[in-house]
Structure formats: C-alpha cells, structure tokens
2 protein chains.
Amino acid sequence: MAKEKQFVTEITPQGEDFSRWYIDVIKKAELMDYSPVRGCIVFRPEGFEIWEHMKDELDRRFKETGHRNAYFPMFIPESFFQKEKDHIEGFNPELPWVTEAGGEKLEERLAIRPTSETIIGHMYSKWIQSYRDLPVLINQWANVVRWEKRTLPFLRTTEFLWQEGHTAHETETEARAETNQMLDIYRDFSENFLAIPVIMGQKTPSERFAGAVDTYSIEAMMKDGRAVQAGTSHYLGNKFAVAFDIKYLDRENTQQFVHTTSWGVSTRLLGALIMVHGDDRGLALPPKVAPTQVIMIPIGPPKMREQVVGRVDELYAELKKAGIRVKVDDRSDVSPGWKFNEYEMRGVPIRLELGPRDMENGQVVLVSRISGEKRVVLQSDLTEEITRMLEEIHVDMFERAKQFRIDHSHSVETLDEMKSLMEEKRGFVLAGWCGSEACEKQVKEETGATSRNIPFEPAEKKTKCLVCEEKAEHTVVFARAY
Amino acid sequence: MAKEKQFVTEITPQGEDFSRWYIDVIKKAELMDYSPVRGCIVFRPEGFEIWEHMKDELDRRFKETGHRNAYFPMFIPESFFQKEKDHIEGFNPELPWVTEAGGEKLEERLAIRPTSETIIGHMYSKWIQSYRDLPVLINQWANVVRWEKRTLPFLRTTEFLWQEGHTAHETETEARAETNQMLDIYRDFSENFLAIPVIMGQKTPSERFAGAVDTYSIEAMMKDGRAVQAGTSHYLGNKFAVAFDIKYLDRENTQQFVHTTSWGVSTRLLGALIMVHGDDRGLALPPKVAPTQVIMIPIGPPKMREQVVGRVDELYAELKKAGIRVKVDDRSDVSPGWKFNEYEMRGVPIRLELGPRDMENGQVVLVSRISGEKRVVLQSDLTEEITRMLEEIHVDMFERAKQFRIDHSHSVETLDEMKSLMEEKRGFVLAGWCGSEACEKQVKEETGATSRNIPFEPAEKKTKCLVCEEKAEHTVVFARAY
C-alpha cells in the first residue's frame with residue numbers, strides 16, 4: 001500500500017480557487033482525511049475535537065430546556081417509510097439498504113436512518129397514552145446516512161454525525177413554540193459560540209423537510225458568498241402522528257393526535273465554521289471551539305533556553321488550571337518563525353511568545369490570530385488577560401463575519417437585475433416573491449441561486465415578485481448554496 | 001396500531017426467575033424498550049443517561065492518559081475483511097451487508113462495522129511514516145452491529161454503543177504497557193464508579209478477540225452467579241500492521257511494522273450494572289451513575305402542604321447548586337408510600353423525606369436504597385450529609401457485590417467435582433488447566449461453563465488440570481456467562 005504525503009505543502013489562496021483553498025486547509029490542518037468508502041470521511045482528532053466542543057455546548061442547552069437524550073436503532077424497516085408519503089418521496093433516492101445479514105437474505109430490507117422520524121414515531125405511539133405523558137422532549141446524537149451524488153468534506157458526506165430532536169405535544173401552539181425555541185437556540189449558539197452570524201427565517205414549501213408542515217432555518221454566508229444552512233427546526237403538525245398513530249387521551253377524555261417537531265444540526269457546521277472564518281493563512285478558529293486556544297512558544301538563544309522553557313512551563317500550569325486549553329511547543333529543531341506559521345495555519349486564536357527580554361520584564365507577548373494585534377502583558381495578570389483576549393477575539397471574529405455578510409448582501413427588484421448582479425458579485429440577494437413555485441424555479445434555473453429562507457427580519461420589505469412582477473407575498477433571501 | 005400497556009405491574013422475584021426479573025425491571029424502570037428491528041433495543045432516557053455518565057467518566061480518563069477521539073466511517077468494504085484471516089473468520093458470520101444504495105446495486109458490498117481495526121488500520125498506514133508519528137492514541141465512540149442469533153437487552157443486542165480505542169506504538173513493550181494500562185482503567189472504573197468488583201486476567205486462546213495476540217478482560221459476577229465480560233483490552237502485535245501495511249521508519253532509519261492495541265467497553269455494562277446491584281424491589285443504582293441521586297418527598301397533611309413543599313424547594317435549590325442530581329416529587333394525587341416503592345424500584349440511591357415534625361426540628365430523614373438505613377440529619381448540614389451518604393452507599397454497594405462474589409466462588413480439583421457443584425450451586429469456579437483446547441472444550445460441554453479468564457491474582461494456584469489431571473499450566477476462572 002503506497003504511503004501518501006501527510007501534508008500538502010501550500011495553501012491555495014481563497015481568491016484563486018476557494019474550493020481548493022478549503023480542501024488544502026482541512027487536509028493540512030489534519031481536520032479530516034478521505035476514507036476508502038465513497039463520500040465518507042474520517043474525522044481526525046483535530047477536527048473531531050471541534051465537534052466535541054459544539055456537542056457539549058448544544059447538549060447543555062438542550063438539557064437546560066428540559067430535553068433528555070435517548071438512542072434508537074439505526075435500522076429502519078422498509079415498511080416504515082411507506083407510512084408518510086412526503087417523507088418517503090424525499091428520502092427514498094438516498095437510502096442505503098441492508099439486504100443480507102448473519103449469512104442470510106433478510107425478509108424485509110432495512111434502511112439505514114437518514115433521519116429518525118419514522119422509528120421514533122413508532123415508539124412514541126407505544127409510550128404516549130394520555131396528556132400526562134406529554135410533552136415528550138427527546139434528543140438523539142447519532143450517525144446518519146444519505147447516499148448523496150456529490151459530496152464535500154463536512155458539508156455533504158454520505159455518513160455524517162448530527163443530533164435530532166424529536167418532541168411531541170398536546171397542542172399546535174406548544175409544538176410551534178418548541179420549534180421556535182430550538183431555532184433560536186441554534187441562532188444563539190451559532191452567533192455566541194461559533195461567531196457565525198445567521199439569518200433566521202422560514203423555508204419556502206419547495207425547500208421544506210420531507211414530511212414537515214413548516215421548516216425554519218438559520219443560514220450563514222461563507223467567504224465565497226455562498227450559503228450554508230446551518231440548522232433546521234420543523235413543525236410536523238399531525239403528519240407523523242397520523243402515519244404512526246400517536247394518540248393521547250386529552251383533558252376532556254377524547255382521543256387526539258399529538259403535534260410533533262424535529263430539529264437538527266450536523267457536522268456540516270464544521271464546514272461552515274472553516275469557510276466563514278478561514279483566510280489565506282489557513283484556519284481561524286473561534287476561541288470557544290478551538291482545541292488549542294493558546295499556543296506558547298519559547299524564544300531566544302540556546303544558552304537561555306532552559307530558563308525560558310522553565311518559565312513557560314510555570315505559566316502553562318497556571319493557564320491549564322484556569323481551564324484554558326493551552327499547549328507549549330518547545331521543540332528546538334524548528335524555528336520560532338516556522339512555528340508561528342504552523343499555528344496560524346491551524347487557527348489557534350492566541351500565540352504567546354516569551355523570550356529573555358520578556359523574562360527580565362515579567363512580561364509576555366500575545367498575538368491575535370485573527371487581527372494580528374500584539375499585546376505585551378504582565379505575567380502576573382496572564383490568566384485574566386488571556387481570558388479577556390479570547391472573549392475579544394470571539395467578538396472580533398463575529399463582527400468581521402457580519403461585516404462580510406453586509407458587504408456581500410444585495411437587493412434587487414427584477415430577475416434581470418439579479419442575473420447581472422450574480423455574474424459580477426458573490427453573496428446573498430434579497431428579493432420579492434409572489435409565492436409560486438414556478439417563479440422560484442425560474443430564479444434557480446437562470447441564476448443558480450435557490451431560496452434560502454424568508455427572513456423573520458428582512459433588511460427591507462419587497463412589494464413585487466422579481467420574476468412575474470405580481471404582488472410579493474414574501475421577501476426572500478436567495479443565494480447559491482452548499 | 002395497538003397501544004401497549006406502559007408498565008408491567010409486578011416484578012418477578014430474582015429467586016423465582018432471574019431472567020424474568022431482569023426484563024421486568026428494565027421495562028418497568030423505563031430503561032429500554034424493544035424495537036421493531038430484530039435484536040435492537042431503544043435506549044430510553046432513564047437508561048441512556050446511565051450510559052452518558054459512564055461515557056463522560058471514561059472519556060475523561062482516556063483523555064487524561066493522552067488519548068483523543070476521532071470518528072471513522074461505519075461502512076467497511078468487503079475486501080478489507082479479507083486482509084486479516086483470523087479477523088474475518090471471527091466476524092464474518094455476524095456481519096450485515098449493505099448491497100444497494102441510492103437506487104443502485106453496489107459494486108462492492110459494504111459491511112457495517114462490528115469493530116474497526118480494519119478501516120482504522122488502513123488509515124493508520126497513511127498517517128504513520130516515522131517514529132515521530134508514534135504513538136498514535138485514538139479512541140472512537142460509536143455504534144457497532146453484530147448479527148447475533150440470541151439477543152438480550154443491553155447484554156447482547158444487534159446494534160450496540162461502545163468505545164473502541166486503537167493505538168499504534170514503536171515497540172511491543174510500549175504496546176503491552178498500553179494494553180495493561182487500559183485494562184486497569186476499566187478495572188478502576190468498574191470498581192470505583194460502577195461499584196462492580198471485577199477479576200482481571202488473560203483470556204485463553206479460544207476466547208481471544210479475532211485477530212489478537214493476547215486478550216485481557218475484566219469479569220464480573222451477576223446475581224444469578226453468571227459472568228459478564230465487562231471490558232477487554234487486546235495486544236494485537238504486528239498482525240494488523242502486516243495486514244494493512246502500517247510501517248514506520250525507526251530511529252535507525254529502518255522500516256518497521258508498528259505494534260497495535262485495541263480496547264473497548266460497551267452498553268452491555270448497563271446490563272451488568274443492573275444484574276450486579278438489583279434486588280426484588282427493582283433497580284439499585286450506584287450513586288455515580290444514577291440519573292437521580294436523591295429523590296425528595298414532602299410528607300404531611302394537606303394544611304401543611306404548602307409550607308413543607310416550600311422548604312423542600314429551598315433545599316432542592318441548595319443541593320442542585322452543589323451539583324447533586326436531585327428531584328422533587330410533590331404530586332398530591334399519589335401517596336408517599338406509593339412514591340417510596342416507585343423510587344426504590346427505579347433504584348434512586350437516597351430518599352429524602354420531609355414532614356411537619358422535621359420542619360419543626362430543622363431536620364430531614366434520609367433513607368438508603370441499598371441498606372434501608374434511615375438517618376435523621378440537620379437541614380443545615382444537608383449538602384455534606386448527602387455527599388457523605390452517597391459515597392458510603394457506593395462503598396456499601398461495592399462491598400455487597402464483593403461479598404456476593406466471595407460467597408459464590410468455588411474451587412475444584414476435578415471435572416466431576418465441578419459438575420456436581422454446578423448442578424447445586426451458582427457462581428465462579430477456580431480450577432487448574434493444562435492449556436489444551438480439548439480439556440477446555442470438555443469443561444464447556446459437560447458443565448455449560450466457559451473459561452472466563454486466567455486471573456492475574458488467583459485466590460490459589462492450582463497444580464493439576466481438572467480434566468486430564470496433567471500439570472496445570474494455568475489457574476482459570478470458569479463460569480456460565482452472558
């Protein structure tokens with residue numbers, strides 16, 4: 001078996017080829033590797049740890065709002081998919097099938113879950129009898145599979161990791177409140193944990209989850225101007241309740257169908273994170289998810305080495321104790337300059353340099369990965385200074401991403417305007433839409449952009465459909481999307 | 001679809017039918033439910049949370065010893081299994097196969113991982129080139145599938161959850177040290193977190209992991225005297241390195257094969273936990289994994305209700321703040337006695353009762369689930385008293401389980417002795433073994449017991465094989481096993 005070179009040696013500039021840049025960065029920073037299975041990637045420790053930080057934070061927020069985790073089988077009998085018509089239409093083309101097991105052909109084929117509404121609906125019908133059993137608030141962390149034609153690491157892989165929340169409620173009002181609550185948790189998490197500004201809104205009917213009554217999303221802008229749907233929350237009405245007979249005896253002793261929701265985010269968030277924050281020097285990781293938040297690099301002539309490294313180790317212990325994710329690179333066979341480039345490429349938020357002069361003055365130098373700003377701070381204040389700087393870098397990254405989105409957001413009145421705009425410029429386009437599928441489809445065919453969502457708070461309200469020029473029912477964000 | 005009754009109404013006594021007892025308890029305590037997929041169960045929130053506590057603690061220990069998590073695809077190309085002969089022989093009969101996906105027949109069938117040595121070996125061969133890349137210390141939390149003929153909730157399910165550590169090292173010495181280290185982490189975790197005493201030892205060749213050079217295990221005794229293998233750690237030598245060409249350039253610039261290990265524990269630990277600690281009143285959960293550690297029950301006449309519940313809520317807030325997993329059951333439509341039974345059945349370690357008299361005296365009553373001991377303690381000392389009592393309950397549970405094992409451990413010289421012993425008594429049997437597969441097989445055929453392991457520290461050293469009466473090479477623990 002041939003050995004491959006572990007690193008690509010250079011990163012393609014974003015402006016030259018954004019797709020190449022993306023692959024260069026995630027390979028070189030060792031976030032992932034291709035696997036021998038079509039469309040499946042390996043999440044290497046540096047990439048997986050980012051997901052772990054996301055997972056821990058989301059899990060905490062889910063539990064805070066009363067949800068509990070459970071685990072359902074990944075195999076779904078074929079007959080289950082037949083029960084909800086829209087659901088099977090949407091997912092059937094992407095299902096992998098287990099047809100043989102334990103040396104025998106199976107009587108009924110088993111799909112591997114692309115999502116779990118069906119099997120969870122089946123179980124809920126057993127668990128829910130009375131209004132006293134409601135609400136059911138369950139989340140699952142799991143792997144799912146969708147046999148995609150075109151794949152892209154993190155953003156669209158055959159197997160991926162995600163969480164899927166599945167809740168059941170007495171009333172539509174409660175279920176809609178849950179749908180909104182979870183969408184808002186996703187927004188808050190994106191902005192305040194990942195430093196990714198997002199647009200909250202409702203999906204158009206053609207972009208709805210297969211089987212949903214209403215789908216809501218948060219949409220983020222990548223540095224090539226394309227959109228990533230970073231999370232979705234669905235109000236499923238009674239559709240799965242009817243398909244799986246999930247009924248309860250209400251407070252008036254009458255049988256009713258429950259109202260269900262589902263909501264999820266996945267490892268595609270890793271792709272969004274990289275494409276929102278990265279630059280030509282490589283990865284740039286927001287402090288709250290960075291596996292290493294501070295890299296400490298001792299500097300100076302060999303005769304001072306032992307003394308400097310000794311002091312670095314003391315400061316390391318102090319930061320570590322304060323819960324900061326910190327590492328020391330005290331290798332003597334590579335230069336400080338090489339290390340600077342290496343950790344910039346890996347996206348470490350803060351570089352700490354300590355040399356003989358700093359020793360004398362009781363100082364260290366802190367450098368921000370995102371702005372390049374240098375701060376000389378007292379060693380005696382180090383933990384507070386680092387904590388503050390990490391918080392400031394988070395804000396800085398969020399503001400930069402937001403400004404980028406503002407700079408690449410456009411507004412049009414007509415399809416012609418949109419076409420010429422999209423030839424020259426990247427980004428999101430705000431436009432009016434009459435609500436007809438035909439007009440939406442025409443936009444896609446002529447510009448390559450799809451409707452991302454109908455924002456809750458559009459920058460302006462449009463009055464005319466960009467295609468047919470009839471009255472606009474909605475103001476829509478269009479964009480090319482991953 | 002027919003609605004099922006949610007609860008079975010009674011628990012079969014252990015002495016009457018241990019298997020029925022087990023199923024009754026796990027259903028009634030809502031730890032799991034059967035699924036529509038053969039041999040697969042649903043981990044309900046009460047059961048899954050126990051697994052989450054186990055997972056968090058193990059993950060912390062793995063990271064403390066330098067391991068990092070990663071994630072590899074669950075699909076394994078058929079050709080991969082052909083590369084290590086023993087491995088395919090062991091796992092082939094249990095594999096499920098994906099043969100169709102995305103509407104097409106696949107060119108090569110994909111197995112769903114029963115374990116990941118093959119695909120991880122393939123990736124390691126790409127990542128490892130030099131001794132500088134070693135050791136590689138990676139763990140994965142994942143679902144795996146083994147198409148078992150006979151299944152039993154938690155203990156043997158078609159799909160289950162586990163962690164699998166996979167490491168690669170320069171030398172045999174290092175790899176063996178890793179194998180031992182992880183086995184000892186499992187032992188320590190079992191004893192000090194799950195309150196389950198275990199026997200550490202080496203598996204006989206016939207019970208080795210398919211593809212291992214040496215397999216080590218920890219073995220626990222259930223309350224019916226049967227054994228559960230609660231964790232395994234394997235030294236794989238060069239076998240997977242040769243099969244997947246995992247080579248490195250050593251310090252003398254020579255190509256060498258790496259030495260690998262793998263180690264794992266799974267959701268079968270849930271089954272062991274229940275069968276080690278449970279009794280005729282139901283589940284008994286060790287404090288460190290119990291989803292609820294303290295259940296608070298207000299007591300007294302309706303006129304005092306508001307006042308008592310108010311005080312309970314204050315104490316609840318205090319305990320919660322101290323990080324204790326506590327719940328209040330202040331329902332007025334069920335009696336305190338009903339609640340006492342309910343939470344005993346659910347295995348909650350401590351029941352806290354507070355009534356009007358306790359209010360007057362500034363006291364509460366604490367009752368241990370495992371011993372029934374009652375303590376009257378001052379409300380002002382509550383957090384410390386509860387913390388201490390949880391620790392004592394842990395020790396109490398461990399000591400009871402250990403005493404049970406001592407009471408059900410036997411020692412024999414001959415197969416006849418063992419046969420008559422196993423007809424009357426349950427438990428583990430220590431005996432000498434010459435090392436031949438034939439003798440081991442005869443024990444199994446005539447007693448139903450298998451060799452569990454060759455303990456590192458047997459209670460006594462046997463000199464003669466129980467079957468052939470030749471010189472004993474090893475002293476072995478035999479038992480019927482799950």
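Here is a short tour, stop by stop.

First, some ground rules: this is a predicted model, where local features need pLDDT of at least 70 and side-chain atom pairs count only at pLDDT 80 or more, while totals for chains, interfaces and linings use all residues. Residues are numbered from 1 along each chain as its sequence is written, chains are lettered from A and ligands numbered from 1 in the order in which they are written, and side-chain values use heavy atoms, with hydrogens and water left out.

**Stop 1: a strand in chain B**

Select residues 350–354 of chain B, which form strand β17. (Strands are DSSP runs of E with at least two residues, helices runs of H or I with at least four, numbered from the N terminus.) Five of the five residues here are buried, so β17(B) is largely enclosed by the rest of the structure. Buried means under 20% relative accessible area, using a 1.4 Å probe and protein chains only. I350(B), L352(B) and L354(B) cover one side, with R351(B) and E353(B) on the other.

Strand β15 (residues 294–298) of chain B runs parallel to β17(B), joined by five bridges, and strand β18 (residues 363–368) of chain B pairs antiparallel with β17(B) over four.

**Stop 2: the core**

Which residues have the most contacts inside the largest nonpolar core? Select F75(A) and F75(B), in a core of 196 residues. (Such a core is a set of buried Ala, Val, Leu, Ile, Met, Phe, Trp, Tyr and Cys residues joined through side-chain atoms within 4.5 Å.) Beyond its neighbours within four places in sequence, F75(A) is in contact (heavy atoms within 4.5 Å) with residues including V98(A), I119(A), V37(B) and W147(B).

**Stop 3: helix α2 of chain B**

Jump to residues 45–64 of chain B, helix α2, and pick out H53(B). H53(B) is buried, at 15% relative accessible area. Leaving aside neighbours within four places in sequence, its contacts include F193(B), K288(B) and R325(B).

Next, show helix α8 (residues 268–277) of chain B, which packs against α2(B) at about 105 degrees with the axes 10 Å apart. That makes the two roughly perpendicular, a label for angles of 65 to 115 degrees. G47(B), I50(B), W51(B) and M54(B) of α2(B) make the contact with L269(B), L270(B) and L273(B) of α8(B).

Key: Buried < 20%, exposed > 50% of the residue type's maximum accessible area, 1.4 Å probe, protein only. Pairing = 2+ DSSP bridges. Axes fitted to C-alpha atoms, helices over the stretch in contact; angles between N-to-C directions. Parallel < 35°, antiparallel > 145°, perpendicular 65-115°, else oblique.
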